[in-house]
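Please walk through this structure with me.

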Amino acid sequence: KPSIAGKLDNIQGDIWSKGFPKYYETYYFFSIKTPLLNEKNLFSQCLKNLSTQSPRLISTLRMVREDHNRISTRRKEEAIKQGIPEKRVVLPEIPMSNALIAFTIKGLQAIQAGLQDDTSLRLTDVAATDPAFFAGMTPKEVTALLKDPDQDTWDPLFRSTEIHGMLKIGGSSKGKVEEHLKNIKGVLKHGTAIDDVFQDSPSTPTDSRVDGWTRPNDRGKEHFGFEDGISQPLMNGIDEQEPGTNANTDVNMYTDPRLLIVTGDTKRESSIPRPPWMENGSFLVFRKLEQNVKAFEDLTEQWEKKGCESKEHMGAKLMGRWKSGAPLAVVNFYTEDSKDPDKAKEMNNFIYENEVCPVSAHIRKTNLREDLTENDKDPRALRTKIIRNGIPYGTDYKGNENNTKLTRGLLFACYQAHIEDGFQNMQVNWSNDSTFRTGHPGQDPIIGQVAQKSRGVNGDLETFFNDKFGVRQSVKFQQLVTMKGGEYFFVPSIPAMSDDLGM
Ligand code: HEM
């Protein structure tokens with residue numbers, strides 16, 4: 001089996017499932033200024049400088065692992081010293097930051113335009129091997145496929161046709177992130193070789209970026225209040241399976257995560273192999289997902305009042321986990337166990353054997369677990385794996401909010417070796433599709449989407465669950481999560497960047 005172990009210095013570090021221990025993160029979007037004839041390849045030269053710079057500004061997998069381990073060791077030591085669970089340890093800031101760079105197809109086309117041989121990147125082959133990436137997220141057909149809202153409702157930044165690249169910079173504080181961004185902008189010659197994407201209003205320089213941060217009083221939780229980042233595919237060769245915490249049992253048992261998350265030269269369905277510069281990279285899906293926390297609260301309360309379920313239980317039925325992260329399939333009732341965040345991570349090695357956890361619940365729709373053995377039914381399911389590495393944005397919802405300008409949500413980011421098999425299959429064929437799977441379970445209540453034109457008609461989404469009397473109930477409600485824009489990116493390996501993407 002191919003292993004990642006020998007590639008630690010080649011692969012960009014943010015792809016790793018355990019992730020960089022970040023508190024603040026910016027997603028900065030840039031355009032590559034068309035390389036000038038007499039300054040041939042200016043951006044490629046800058047990219048080469050960026051990838052060979054010492055100390056490194058773009059993090060490798062080795063660097064992110066070291067940072068992770070540094071924090072993890074400190075945490076373990078403090079936990080022992082203070083006699084409390086690791087999760088509850090609050091460490092003083094250990095200043096650190098990491099960065100990843102990624103390109104859209106338009107960005108690669110701009111790079112290609114600056115190379116002498118204008119077919120060297122084999123971008124026409126990319127159209128065959130990775131059609132979703134080649135199309136990007138903005139064409140109308142893609143909006144229709146994903147059931148995304150019409151683009152005039154997206155944030156202006158994401159309506160831009162000039163997004164060529166993105167810097168994803170995480171850090172121990174906002175200050176560390178700003179410093180890191182400034183350094184990279186310096187190497188990439190901001191203003192000459194790259195520029196902000198959105199320059200209509202130069203007075204608001206943040207227009208070309210979106211920032212997120214971990215929730216100050218609820219670190220690790222997304223805005224509906226659930227612990228996030230629990231279940232991730234393990235990477236062959238570098239991740240060890242800890243007792244009870246095996247994230248995706250099925251990945252280890254049946255498939256090879258290296259080929260699912262990090263690109264090899266796999267042919268997939270296409271008879272054309274990927275160009276060599278794409279090896280040891282990954283595809284990054286970015287989506288700004290606004291969460292309507294009030295609607296979530298109202299929905300769960302409404303079902304409590306109807307006497308069907310408690311608010312907490314109803315929430316768990318929608319997500320598939322209690323807010324602590326404990327899976328509903330393991331802890332059926334609202335007990336001390338279901339509230340204990342320290343135990344939740346150790347309960348991830350489970351399969352679904354009944355409908356205690358509704359078939360439509362978010363984590364059941366997006367990870368089939370035991371059903372992967374039913375290979376014949378859905379062979380693509382074996383390959384539908386993503387590593388999630390986003391961050392919440394916006395201020396916490398405090399109830400009784402009158403200010404409609406206050407918004408919040410998730411800056412969703414996930415890595416995969418193939419967008420059609422990863423994010424797209426999950427969103428389109430699993431979460432949006434009410435017939436997927438056995439017994440018409442309804443849509444994923446968290447991320448399911450309906451086409452814009454059918455919104456507001458008898459509620460946007462429909463999902464089913466068994467109430468406490470075992471009676472099947474239908475719940476109809478407007479989407480809790482609204483996409484505000486996004487794009488598909490490719491994350492090249494470090495050697496590819498220092499080699500002009502293979503030229
Ligand atoms: C798991 C929330 C968007 C795919 C989870 C978990 C939470 C959560 C709380 C459980 C924690 C964990 O297992 O790590 C959300 C929210 C979203 C969102 C609030 C939007 C605002 C998405 C999207 C996708 C996705 C867009 C992919 C299309 C997954 C997967 C898991 C997961 C694969 C792991 C399931 C498992 O292995 O058990 N999500 N999520 N999520 N989510 Fe999401």
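Start in the loop between helix H8 (174–187) and E4, where Lys189 has its place. Helices (H or I, at least four residues) and strands (E, at least two) are DSSP runs, numbered from the N terminus. The model is predicted, so local features need pLDDT of at least 70 and side-chain atom pairs count only at pLDDT 80 or more, while totals for chains, interfaces and linings use all residues. Residues are numbered from 1 along each chain as its sequence is written, and side-chain values use heavy atoms, with hydrogens and water left out.

Lys189 is not a glycine, yet its phi is positive, near 50°. Its relative accessibility is 40%, so Lys189 counts as partly exposed. Buried means under 20% relative accessible area, exposed means over 50%, and partly exposed lies in between (1.4 Å probe, protein chains only). Lys147 also has a positive phi, about 60°, without being a glycine. The loop between helix H6 (140–146) and helix H7 (156–159) holds Lys147. Lys147 is partly exposed, with a relative accessible area of 32%.

Two peptide bonds also deserve a look. Ser54 and Pro55 are joined by a cis bond, with omega near -5°. Pro55 sits in the loop between helix H1 (42–52) and H2. The bond between Phe436 and Arg437 is cis, with omega about -5°. Arg437 belongs to the loop between H16 and strand E10 (461–466). Why point these out? Most residues other than glycine have a negative phi, and most peptide bonds are trans.

Another loop, between strand E4 (194–196) and strand E5 (209–213), contains Ser208. Ser208 is buried, at a relative accessible area of 0%. Its C-alpha atom is 23 Å from that of Ala113, a residue 95 positions away along the chain.

Now turn to helix H2, residues 61–82. Its 22 residues reach 31 Å from first C-alpha to last, close to the expected 32 Å. That expected span is 1.5 Å times one less than the number of residues. Which residues of H2 are buried? They are Leu61, Val64, Asp67, His68, Ile71, Ser72, Arg75, Glu78 and Ala79. Seen down the axis of H2, the buried residues fall within an arc of 135°, so they line one face of the helix. The arc is taken from the directions from the helix axis to the C-beta atoms. Ile80 and Lys81 are exposed on the other side of H2.

Asp67 is worth a stop. Its relative accessibility is 12%, so Asp67 counts as buried. Its side chain makes a polar contact with the side chain of Arg70, at 3.1 Å. A polar contact is a pair of N or O atoms within 3.5 Å; within protein, one must be able to donate a hydrogen and the other to accept it, and residues adjacent in sequence count only if both atoms are side-chain atoms.

Finish at the ligand. Its shell has 26 residues, the closest being Ile230, Ser231, His362, Asn367 and Arg388. A residue is near a molecule if one of its heavy atoms lies within 4 Å of it. Strand E6 (282–291), helix H15 (362–366), strand E9 (408–416) and helix H16 (420–431) each supply at least two shell residues.

Which protein residue donates to the iron atom of the ligand? The single donor is His362 (NE2), 2.1 Å away. Donors are N, O and S atoms within 2.8 Å of the metal (3.2 Å for Na, K and Ca); water is not among the atoms, so sites may look incomplete. His362 lies in helix H15. A polar backbone atom of Ile230 is 2.6 Å from a ligand oxygen. For Asn367, a polar side-chain atom lies 2.8 Å from an oxygen of the ligand.
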